[in-house]
Amino acid sequence: MEFKKYSKTLFFGATLAILAGCGGNAATQDQEEGAAGTDTEVQPVITSDGSSSDSAITGEQMGQDVENLEEKAEEVVAAMPEIETIYFDFDTSSIRADSREVLDMHVAYLRVNSDAKVVLEGHADERGTREYNMALGLRRANAVKSYFQVQGVNSDQLEVVSYGEEKAAVMGHNNAAWSKNRRVEIQY
Amino acid sequence: MCVRNWLKAAAFSLLCFVQQAVADLTIEITQGNDRATPVAVVPFAWLGQSGLSEDIARIVSDDLERSGLIRPLSRTEMLSLPSQKSEIFFRDWSLLKQDYLLVGQIRPSASPGVLTIQYELYDVVRQTRVLGEVISGKPSELRSRAHYISDQVFEHLTGIKGAFSTRLAYITVKKDAASQSKYELKVSDADGRRERTILTTYKPILSPAWSPDAQHLAYVSFETGRPGIFLQNVYTGKRRQLTAFRGLNGAPAWSPDGKKLAVVLSKDGNPEIYEVDLTSYKVKRLTQHYAIETEPEWSPDGKHILFTSSRSGGPQIYQLNLISGETERLTFEGSYNARARYSPDGTEIYFVHRSNGIFHIAAQELANNRLRILTQTPLDESPSVSPNGSMLIYATQEGSRGYLGAVSVNGQIRYSLPSQLADVREPAWSPFLTN
């Protein structure tokens with residue numbers, strides 16, 4: 001189920017790349033470069049995403065439904081994505097399945113607007129120690145960076161910073177606040 | 001005569017206290033020790049003309065009370081106020097069940113602007129003087145002299161070196177008029193008084209760490225928009241930025257000889273522990289793992305580094321042997337153990353431990369790995385050990401307000417240092433002062 005949805009978005013992303021004038025295999029190539037540039041064990045999410053995309057993108061699929069995608073692509077490229085924050089579970093930097101749609105919109109935008117730059121700002125909730133949370137925020141931001149790179153965004157467009165638990169989005173000492181504070185903000 | 005003078009002095013010092021208490025941390029003792037030694041600290045006689053700015057006996061009495069090991073007698077219960085041996089009626093103090101009696105006098109000395117302070121500690125049962133000294137100081141140094149007397153009395157009575165003449169560093173955060181968060185790095189006496197701000201910025205500051213000579217602080221500041229490790233002389237205010245690598249620049253920890261810092265950098269992609277030589281500025285990587293590695297702490301003998309690693313899944317405490325290069329996991333109880341500090345003798349570690357979803361400060365003996373939980377409030381963090389190894393100061397929260405708590409390493413004595421004006425966090429207890 002999740003896999004199917006994700007394949008669709010990836011396919012969409014790859015198609016956008018073609019529309020933007022990149023090579024047909026750009027996504028796959030970048031993916032390989034991204035994997036080589038980072039320790040594969042560091043970002044297990046990205047590694048598994050990579051293998052699923054290999055099977056998802058085929059020439060046959062790309063041939064399908066191009067017109068429909070072209071329309072969608074124009075819509076996406078025209079506007080900077082509205083949602084700029086994705087959320088994480090406690091003490092993990094794994095990208096949640098429900099974040100991928102948002103991330104893919106940014107991928108699409110960044111690939112088309114190759115002069116656009118983003119700062120990926122990683123954050124943690126207040127629980128636990130400050131320096132550990134600083135490291136956790138960095139890992140979350142790095143996870144998004146790797147995801148973007150794997151999807152073909154140029155690393156020159158990406159900068160990573162962690163604020164740990166120092167800049168809470170929502171005040172409060174409860175699950176509702178904590179879940180909103182464990183996040184990466186994608187700032188243009 | 002002497003009582004009247006004292007009352008005058010007390011009234012004057014009360015005024016000063018009121019003025020200062022607004023800005024400083026104030027101490028509330030939340031849990032004492034029933035077996036504490038009873039000691040009467042009698043107000044010192046002032047044999048000079050104009051008022052004194054400080055009530056030395058009050059400072060000493062508060063210091064000793066905070067230790068939990070000594071229970072000072074309330075002034076209202078005192079039957080007389082002697083200031084030297086000829087004025088002492090030992091029977092008065094035995095009736096009040098006091099084991100010891102501290103008396104003293106302050107008078108102007110021959111040199112202008114310098115005061116002579118005499119203090120004497122008497123054993124009430126044996127009716128003998130067990131400690132006494134004549135010291136001098138300027139009026140502005142009376143608080144320091146009082147903490148010095150506390151140190152001497154405490155060491156005599158408990159056998160533990162007093163740590164009342166030490167300092168605290170901590171960070172306060174408050175919203176200014178424009179609702180912007182203002183971060184300040186502050187230094188105060190160990191009792192929270194004589195607070196001084198050494199850095200103000202509108203970006204986060206964290207992880208202050210004292211140099212072994214208690215002259216400098218290393219800390220992390222985001223003032224450039226990115227984290228950097230800074231070094232600052234606490235007395236001159238002179239500061240410089242030490243690191244500005246891409247990514248993390250965090251968790252500075254001084255080597256015991258003060259020549260190196262252990263830090264966390266992510267310049268090679270992942271948070272790892274590095275060593276920075278403060279003379280050559282060479283950077284050497286100490287850990288290599290795809291997990292989070294952070295929060296280094298040098299062992300007192302300089303041969304080990306404690307750190308937090310998520311290599312087992314969640315954060316746990318590990319110890320790196322700098323000679324053999326071997327790493328050993330130290331904590332196994334619970335799924336979250338982080339930011340450890342050694343006791344000054346290196347036999348124990350103190351760290352943040354999660355138990356039933358609540359974050360406490362815990363202690364663990366290294367010989368037998370026995371863990372004991374020391375604090376009772378949720379969201380406790382940043383333990384820092386007093387240089388004599390008897391107390392821990394840590395950050396905690398009540399409502400949305402952060403404040404500092406202190407607990408003895410045996411968990412029996414507690415006090416808190418709330419600030420009336422700001423969130424207080426990230427305490428660091430200084431080493432013994434050498435000057």
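Guide: A nonpolar core is a set of buried Ala, Val, Leu, Ile, Met, Phe, Trp, Tyr and Cys residues joined through side-chain atoms within 4.5 Å, where buried means under 20% relative accessible area, exposed over 50%, and partly exposed in between (1.4 Å probe, protein chains only). This is a predicted model, in which local features need pLDDT of at least 70 and side-chain atom pairs count only at pLDDT 80 or more, while totals for chains, interfaces and linings use all residues. Residues are numbered from 1 along each chain as its sequence is written, chains are lettered from A and ligands numbered from 1 in the order in which they are written, and side-chain values use heavy atoms, with hydrogens and water left out.

Visitor: Which residues touch the most other members of the largest nonpolar core?

Guide: Of its 71 residues, those are L103(A), L120(A), V144(A), F148(A), L261(B) and L392(B). Helix 7 of chain A gives the most to this core, with 10 residues; helices here are DSSP runs of H or I, at least four residues, and strands are runs of E, at least two, numbered from the N terminus.

Visitor: What makes helix 7 of chain A mostly covered?

Guide: Of its 21 residues, 20 are buried. Helix 7 spans residues 130-150 and reaches 30 Å from its first C-alpha to its last, close to the 30 Å expected, that expectation being 1.5 Å times one less than the number of residues.

Visitor: Why is the pair of E381(B) and R130(A) called a salt bridge?

Guide: A salt bridge is a side-chain nitrogen of Lys or Arg within 4 Å of a carboxyl oxygen of Asp or Glu, and the closest N and O atoms of E381(B) and R130(A) are 3.8 Å apart, so the pair qualifies. E381(B) lies in strand 27 of chain B and R130(A) in helix 7 of chain A, so the pair joins two chains.

Visitor: How do you know whether E381(B) and R130(A) are buried or exposed?

Guide: E381(B) has a relative accessible area of 7% and R130(A) one of 8%; both values fall under the limit for buried, and therefore both residues are called buried.
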